[in-house]
Amino acid sequence: MVETKHQPERTTRLRKTDWSLRLGVPEDESKLKAFLAGSIWAGSDVDQLYRWKFKENPFGEVTMLLAVNSLEEIVGLYCYMPWQFCFEGRVFNATQMVDAFTAVDYRGQGIVDSQIQAGLAHFYSRDHPISFAFPNENM
């Protein structure tokens, strides 16, 4: 009988499950910039992009739903942008779900799905009946 040993794949990541969700607050700005600079915005002018996307947005204040670990490090970000739609003379408030980012070590744990569900629960009401997104192949 031949004995084999399990050889872990090089891409094996430790499963980190110590995360929870909370709304972003102004004090998170420096952590958010560092998180974004280490991922999708690497090599970009993070201060300028952050100001344009989150502070000077023509649609209004962007709400950020964060996944944070037990050390309060940001490990996931999902943004919600306000919109208004007009139909037959009535204005409807809406939220567009945009920009989902998850730290590599925390991917595959349902963070984005949890952020979507929490965001829908947070925003949906009689006065805020519409939420929409344009998902990519990863969602």
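Trainee: Which residues of helix H2 (residues 46-55) are buried?

Mentor: The model is predicted: local features need pLDDT of at least 70 and side-chain atom pairs pLDDT 80 or more, while totals for chains, interfaces and linings use all residues. Residues are numbered from 1 along each chain as its sequence is written, and side-chain values use heavy atoms, without hydrogens and water. Helices (H or I, at least four residues) and strands (E, at least two) are DSSP runs numbered from the N terminus, and buried means under 20% relative accessible area, exposed over 50%, partly exposed in between (1.4 Å probe, protein chains only). In H2 the buried residues are Val46, Tyr50, Lys53 and Phe54.

Trainee: Which exposed residues does the opposite face carry?

Mentor: This face of H2 is turned away from the buried side. Its exposed residues are Trp52 and Lys55.

Trainee: Which elements do the buried residues of H2 pack against?

Mentor: Contact requires heavy atoms within 4.5 Å. The partners of the buried residues are helix H1 (29-37) and the strands E2 (63-69), E3 (74-87) and E4 (90-102).

Trainee: At what angle do the axes of H1 and H2 cross?

Mentor: Axes are lines fitted to C-alpha atoms, for helices over the stretch in contact, and angles run from 0 to 180 degrees between N-to-C directions. The two axes come within 10 Å and cross at roughly 115°.
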